[in-house]
Amino acid sequence: MKKDIKSIKEKVSEILELPREVVLNAPRMVFIGNKDVTIENYKGIIEYNDTVVRINTNTHMLRITGQDLEIKNITSEEIILSGIIYTVEFIA
Amino acid sequence: MLRGERMLLVNLFQLMCGYLVISVEGYFIEKFINICTRRQIYLWDIKKINKCSMRSKISIKGFKAIRPVAYKTKCRVRIVSKKGIPFIINRYRRRKAFFIGVLLFFVLLGYMTSFIWIIEVYGNEELSTEEIMLQLQRCGFKVGVFKPGLDIDRIENEMMLRINRLAWIGIQVKGTKALVEVKERKMPPEVIDKYTPCNIVAAKDGVVESIVVKSGEPMVKKGDTIKKGQLLVSGVMDSKVQGIRYTHAVASIRARTWYEKSREISLIKIKRIKTGEKHVKHTIKFFGKRINLYLSSSIPYENYDKMTYNKEVSIGKEYVLPIVLESNVFEEVRIEKETVPVEVAVSEAVKSLHEDIKKELSEDAEIIDQKSDYIFIDEKNILVKLLIETIEEVGIQEKILKN
C-alpha cells in the first residue's frame, strides 16, 4: 500500500513537472567535482568529523566519507560541505 | 554556481559586521550544531580539530545567543579571535584625537573639493582664452568659487550676452574642474543690400586680367594697372535717354597681384646637443604661493634647456586640489656651430616664406608664378626674397554716398 502511494506521488510529480525533491521530500544534493557538496532538505547532523559526516534526511541517512571535511555553511535549509569527498552512501 | 563571486561579497559583509572565531569543546558537538541551526544562530567554516573540539565562525549577534545552547549540550565555548570593523573601532574608542583627525580629514576634503580649482576653456578659435576667462570672472565664475552657490544657467546666459561672438557656451562642472566649451559664431561678412546702389573698388594693387560686369559701368579694362581703392565698376549710370541712374554694381574682376616677402637668415646653424646631464628642481605651488624644495637657486650648467612640468594633485581624475607640483628640469646642452650650404638655407627659407604668403592669400587666389632670389649681406648672412604672382578676385563693393 505504501509503495502504491509513493508511485502515485512520483507519477503526479512527473505529470505536473513539480520538483521531485519537494514531492518526494528527498534531499537534493549538488556536487562540484569531489570538492564541494550542497545538501538541501536535510534534517540534521548525526556525526561530524573531518573524515566522516553522517546527515539525517527524510528518506535516508547519508554517510559521506572523505578527507578534511569542513562545514562551510549551515542553515536550516541547506548545508555546504567542502573538502575531498570519497564516497556517499545512502543508508536506509 | 555563483558561490565564487558571492563569497567575496559575503566575506566583506561579515568583516563589516564583525565576527568571532570560537572553539567549542564537548562530546555532543553535532547536537550543538543542530540546535544552533534550529535557533537561527548562524555558524560557518566549521572545522573539527579533534574528536571533541571544533572551531567555527559566528556573528556577534549569534554569539550573544549561544550561552543556553552551550549549557544544554554541555559544551565549552571559547573565543579564539575577534575580527571585523566593529572590533577595530572599539579598540580606538578612547583615542579621541585620532577620531577628530579622521573627521577633520573628511570635512577638509569635502570642503576643498567643493570649490572650483581649474577652469579649462576649449573650442575657441579666434576668441582668446584670457578674454573668455575675464568675462567669466565678471560673471562671478572664477578659480576658487564655491560650487554649491553656483548658477550655471545664469552664467551661461550672461556670457552669451557679454560676448557677442559666442554661438554657444556650455559649462560642465566635473569635480573640482570646470570645463567651458565654447562655439564661436561665424560673423557674416557685411553684405550690401541688393537694392542699395554701390560701386566696386579695388581691394589690392594689380593688373586687371579679366572683367565681367553684370550691372554697372566698367571703368577699367583688361590690362589696366589698378591701385588699391581705385574705382573699377561705377554704380552711377549716365545715359542720354534716362539721365543719371544709380545701380547696385555687380561684377567679377580678377587681377594679377604680387606678393613679396623677404627674410634675413644666417648660414650658421646653432645645434644644441644634450649631454645627458640633468638637474631637477621641485616647487610646490599652493594657492599661487610657491614653496621651493631646493636650497640654492643656481644652475650648475653654462648652457641648458629648461623644461617645466606641472602636476596637479588630485583625487581620482576629477577632484583636483589647488596644489601643483612643479618640477623644472634643466638639461645641459653643448652648443655646436655648423655652416649650412647656401642652397639648403635658401630652399628652407623659401619654403617658410611661401607658407607665410599663403596665409595672406584669399581663398580663390591661384598662384601662377613664383620667383626666389638671395643676396649676401655679409659672409654669414643672406637675404632671401620670394615673389609670388597670383590671379585673384579684387573687387569689393562700396556704398555710393549720395549728396
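Helices (H or I, at least four residues) and strands (E, at least two) are DSSP runs, numbered from the N terminus. The structure described here is a predicted model, in which local features need pLDDT of at least 70 and side-chain atom pairs count only at pLDDT 80 or more, while totals for chains, interfaces and linings use all residues; side-chain values use heavy atoms, with hydrogens and water left out. Residues are numbered from 1 along each chain as its sequence is written, and chains are lettered from A in the order in which they are written.

**Domains of chain B**
- Chain B is divided into domain 1 (3-89), domain 2 (95-188), domain 3 (198-255), domain 4 (262-267 + 340-392) and domain 5 (272-335), with bounds that come from an automatic or database domain assignment.
- The centres of domain 1 and domain 4 of chain B, taken over C-alpha atoms, are separated by 89 Å.

**Surface patches of chain B**
- Patches are made of residues with over 30% relative accessible area and no salt bridge, joining like charges within 9 Å and nonpolar side chains (Val, Leu, Ile, Met, Phe, Trp, Tyr) within 5 Å.
- A salt bridge is a side-chain nitrogen of Lys or Arg within 4 Å of a carboxyl oxygen of Asp or Glu.
- Accessible areas come from the Shrake-Rupley method with a 1.4 Å probe, and for residues only the protein chains shown count as cover.
- A nonpolar patch with about 850 Å² of accessible area together includes B:Met16, B:Ile85 and B:Phe98.
- Helix H5 (85-91) and helix H6 (96-112) of chain B each supply at least two residues of this patch, and H6(B) gives the most, with five residues.
- B:Ile85 lies in helix H5 of chain B and is partly exposed, with a relative accessible area of 37%; buried means under 20%, exposed over 50%, and partly exposed in between (1.4 Å probe, protein chains only).
- B:Lys31, B:Arg38, B:Arg39, B:Lys72 and B:Lys74 form a positive patch, where Lys and Arg count as positive, Asp and Glu as negative, and His and the chain ends are not counted.
- The place of a charge is taken as NZ of Lys, CZ of Arg, CG of Asp or CD of Glu.

- Helix H2 (residues 29-38) of chain B is mostly covered, as eight of its ten residues are buried, among them B:Phe32 and B:Cys36.
- B:Arg39 is in the loop between H2 and strand S2 (43-50) of chain B and is partly exposed at 40% relative accessibility.

**Positive phi in strands**
- B:Asp45, in strand S2 of chain B, has a positive phi near 50 degrees and is buried at 19% relative accessible area.
- A:Asp68, in strand S5 (residues 61-74) of chain A, has a positive phi of about 50 degrees although it is not a glycine, and is partly exposed at 49%.
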